[in-house]
Amino acid sequence: QLDAETNAWKDSLLRTAREAGFTLAAPQIYEDFETTVAQYKESAAQQPDLDVTDLQQMFGVVVGGFLRQEIGMEWAVITDEYGTDLAIISEAQDGSYVYSCPIVVVGKRFSPDYEKGQLEGFCNQFIATSKARLAAR
C-alpha cells in the first residue's frame with residue numbers, strides 16, 4: 001500500500017492534472033496525451049535540455065488513475081527486477097498479480113520514436129488482458 005507521502009504526491013499530481021483540464025476518461029485522455037507529446041517535442045527541439053520528468057509523472061498518474069478505474073485495481077508501490085515504482089495492481093485468482101507502472105509506460109512514450117496512438121493501443125490491450133485475467137476472481 002502507499003505510504004502517506006507517496007499518496008499525497010500522487011494526489012497532488014492528479015489535482016494538478018485536473019486543474020490543467022486533463023481527464024481520466026477515454027477518448028479525451030488519449031487526445032490530451034497526443035497534444036502534450038506534440039507540444040513537448042516542439043519545445044524539446046528548441047531546448048534540448050528540457051526536463052520532462054514532472055510532465056511524465058503527472059501524465060503517468062493520470063493514465064494510472066484511468067486504468068485503475070477501468071479495471072478496479074489499487075495503487076501500490078512495487079519492487080521488481082527493474083526497480084521500485086508506483087503501480088496499479090490487482091491479484092488474480094491464481095495468486096499471480098496483474099500490474100502496470102504507468103509512469104514508466106508514459107515515460108517511454110516521450111521518446112523521439114513515439115508514434116501517435118501507441119498509448120491508446122497499450123491501454124486498450126492492458127484493459128482487455130487484465131479484465132480477462134481478473135474475471136475469474
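Trainee: What makes a residue part of the lining of the second largest pocket, and which residues line it?

Mentor: A lining residue must have an atom within 4 Å of a pocket point. In this predicted model, Gln 1, Leu 2, Arg 68, Glu 74, Trp 75, Ala 76 and Ile 89 line the second largest pocket, so each has such an atom. About 170 Å³ of space lies in that pocket.

Trainee: Which strand gives the largest share of that lining?

Mentor: That's strand 1, residues 74-80, with three residues. By kind, the lining of the second largest pocket splits into four nonpolar, one polar and two charged residues.

Trainee: How do you know that strand 1 and strand 2 are paired?

Mentor: Pairing takes at least two bridges, and seven join strand 1 to strand 2 (residues 83-91), so they count as a pair. These two strands run antiparallel, and a hairpin of two residues links them. Two spots to look at: Val 77 sits opposite Leu 86 in strand 2, and the bridge partner of Glu 74 is Ile 89, also in strand 2. Glu 74 and Ile 89 turn up among the lining residues of the second largest pocket, too.

Trainee: What makes strand 2 and strand 3 a pair?

Mentor: It's the bridge count again: four bridges join strand 2 to strand 3, and at least two are needed, so they pair. They run antiparallel as well, with Glu 91 opposite Tyr 97 in strand 3. The hairpin of strand 2 and strand 3 has five residues between the strands, and there Gly 95 takes a positive phi near 90°.

Trainee: Now the largest pocket. Which elements each supply at least two residues of its lining?

Mentor: Strand 3 (97-100), helix 4 (102-108) and helix 5 (118-134) do. Helix 4 gives the largest share, three residues. The volume of the largest pocket is about 260 Å³. Its lining includes Asp 80, Tyr 99, Val 104 and Phe 126, and it divides into seven nonpolar, one polar and four charged residues.

Trainee: Why is Gln 56 called buried?

Mentor: Buried means under 20% relative accessible area, and Gln 56 has 16%, so it counts as buried. You'll find Gln 56 in helix 3. Leaving aside its neighbours within four places in sequence, Gln 56 is in contact with Ile 103, Val 106, Gly 107 and Phe 110.

Trainee: How far apart are Gln 56 and Ala 26?

Mentor: They are 30 residues apart in sequence and 19 Å apart in space, C-alpha to C-alpha.

Trainee: How do you know whether the length of helix 2 agrees with its number of residues?

Mentor: Helix 2 (residues 28-46) has 19 residues, and at 1.5 Å a residue these should span 27 Å. The C-alpha atoms at its ends are 28 Å apart, so the two values agree.

Trainee: Which residues of helix 2 are buried, and what do they pack against?

Mentor: Ile 29, Tyr 30, Asp 32, Phe 33, Glu 34, Thr 36, Val 37, Tyr 40 and Ala 44 are buried in helix 2. The buried residues of helix 2 pack against helix 3 (53-71), helix 4 and helix 5.

Technical notes. Residues are numbered from 1 along each chain as its sequence is written. This is a predicted model: local features need pLDDT of at least 70, side-chain atom pairs count only at pLDDT 80 or more; totals for chains, interfaces and linings use all residues. Side-chain values use heavy atoms; hydrogens and water are left out. On a 1 Å grid over the protein atoms alone, a cavity is a set of points where a 1.4 Å probe fits but cannot get out, and a pocket is an open set with protein on both sides within 12 Å along at least five of seven lines; lining residues have an atom within 4 Å of a point. Grid points are joined across faces, edges and corners, and a volume is the space filled by probe spheres set on the points. Ala, Val, Leu, Ile, Met, Phe, Trp, Tyr, Cys and Pro count as nonpolar, Asp, Glu, Lys and Arg as charged, and the others, Gly among them, as polar. The expected span of a helix is 1.5 Å times one less than its number of residues. Buried means under 20% relative accessible area, exposed over 50%, partly exposed in between (1.4 Å probe, protein chains only). Contact means heavy atoms within 4.5 Å.
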